[in-house]
Every structure is written in structure tokens, then in C-alpha cells.
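User: Walk me through this one, and give the cut-off behind each label you use.

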Amino acid sequence: MTTNARLLLVNGPNLNLLGTREPEMYGTSTLADVERLTAEVAESLGYQVRAIQSNHEGVLIDAIHEARADCAGIVINPGGLTHTSVVLRDALTGVSLPFAEVHISDVYAREEFRHHSYLHDVAAVRVIGRGVDGYADAVRELIARF
Ligand code: CA2
């Protein structure tokens with residue numbers, strides 16, 4: 001059992017657009033809805049959530065590094081960085097916090113370049129294609145592993 005009863009929720013590039021465009025792909029919930037849902041589920045299980053969204057890779061890396069101080073784990077939807085970023089992988093493995101990788105859409109039903117994730121083999125939990133409810137599932141599955 002960890003002493004840090006907090007999770008870091010990370011949403012990567014373009015996820016600030018949730019609920020404003022491409023509802024057929026990403027649904028109608030906004031980023032604020034996602035952050036609220038995630039916090040509600042985590043709080044029901046005794047965990048606080050600190051949420052960050054950024055379109056800048058370095059900002060995400062800094063937030064992941066800072067999580068070392070007070071978080072038990074990370075729930076992350078890295079957006080398109082999933083398919084490109086060794087840097088993000090290195091940050092997540094570097095802090096040695098268990099993390100859940102979340103994708104709203106079913107990346108395996110989309111373009112082939114979305115089938116590869118730089119995180120998949122180091123993630124403790126992967127939730128793919130369950131819409132925004134996947135964030136809640138990720139919280140539950142991650143906390144169950146603590
Ligand atoms: O399905 C997911 O959650 C993704 O991580 C979303 C990324 C995409 O690059 C990944 O392959 C799968 C894209 C995030 C962009 O989000 C938007 C939301 C609403 C409108 C436009 C973009």
C-alpha cells in the first residue's frame with residue numbers, strides 16, 4: 001500500500017478539443033467532463049487527482065517528473081505522442097510510477113500508424129476504445145494493482 005493517495009491524470013496534445021470536434025470519433029464529453037469523471041471515480045476509491053493537459057511535450061514530461069513527489073500512479077492519454085514519442089516513454093519509465101495508458105478511440109480499427117504505441121509494453125494497464133468511460137476503468141484497474 002502506498003502512502004501517496006493521489007493520481008496524476010495526463011492528457012496530451014489536442015485533447016483540449018474534446019467535445020468540440022469529431023464527436024463520431026471521440027464522443028461529446030469535454031476535457032472538463034473527463035477530468036471530473038476521473039476525479040469522481042478516484043475519490044470514491046480514496047484517491048485525489050491532479051489533472052494536466054498540454055499540447056507541449058516538455059510540459060507533459062515536467063508534470064510526469066513532478067509526480068514522483070506525491071503521486072502513486074499516472075493515468076495518461078498521450079494523444080498522438082503515443083505513436084511517436086520515445087521521450088514520453090523515457091519519462092514514464094524514468095519515474096518508475098505505475099501508469100495506465102488510455103485511448104478513447106479503438107486505435108486498432110484506425111490507420112496502421114496508430115497501431116504502434118511506444119508505451120504499450122511498459123504500461124501497467126491499457127484501456128482502448130471504451131470512449132471516455134475508459135478513463136474511469138483505467139483508474140479502477142490501476143488502483144486495484146497498488
Ligand atoms: O483515441 C485516443 O484517445 C487517441 O489517443 C487520441 C489521439 C490520437 O492521435 C490517438 O491515435 C488516439 C488524438 C487526440 C485528438 O483529440 C481530439 C479530440 C476532439 C477533436 C479533435 C481531436
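**Ligand site**

Analyst: An oxygen atom of the ligand sits 2.5 Å from an N or O atom in the side chain of serine 105. Keep in mind that this is a predicted model: local features need pLDDT of at least 70, side-chain atom pairs pLDDT 80 or more, while totals for chains, interfaces and linings use all residues. Numbering starts from 1 along each chain as its sequence is written, and side-chain values use heavy atoms, without hydrogens or water.

User: Why are α3 and α4 called roughly parallel?

Analyst: Helix α3 (residues 57-67) and helix α4 (residues 86-95) pack at about 5°, with axes 9 Å apart. Angles run from 0 to 180 degrees between N-to-C directions of lines fitted to C-alpha atoms, for helices over the stretch in contact. Under 35 degrees counts as roughly parallel, over 145 as roughly antiparallel, 65 to 115 as roughly perpendicular, the rest as oblique; therefore α3 is roughly parallel to α4. Residues in contact (heavy atoms within 4.5 Å) include Ile61 of α3 and Leu88 of α4.

**Sheet**

User: How do you know that β1 and β2 pair?

Analyst: Two strands pair if DSSP finds at least two bridges between them. Six bridges join β1 (residues 6-11) to β2, running parallel, with valine 10 opposite isoleucine 52.

User: What makes β2 and β5 edge strands?

Analyst: The open sheet's order is β2-β1-β3-β4-β5. β2 (48-53) and β5 (125-128) each have a single partner, so one side of each lacks a neighbour in the sheet.

Notes: Helix = DSSP H or I, 4+ residues; strand = E, 2+ residues; numbered from the N terminus. Polar contact = N/O pair within 3.5 Å; in protein donor to acceptor, adjacent residues only side chain to side chain.
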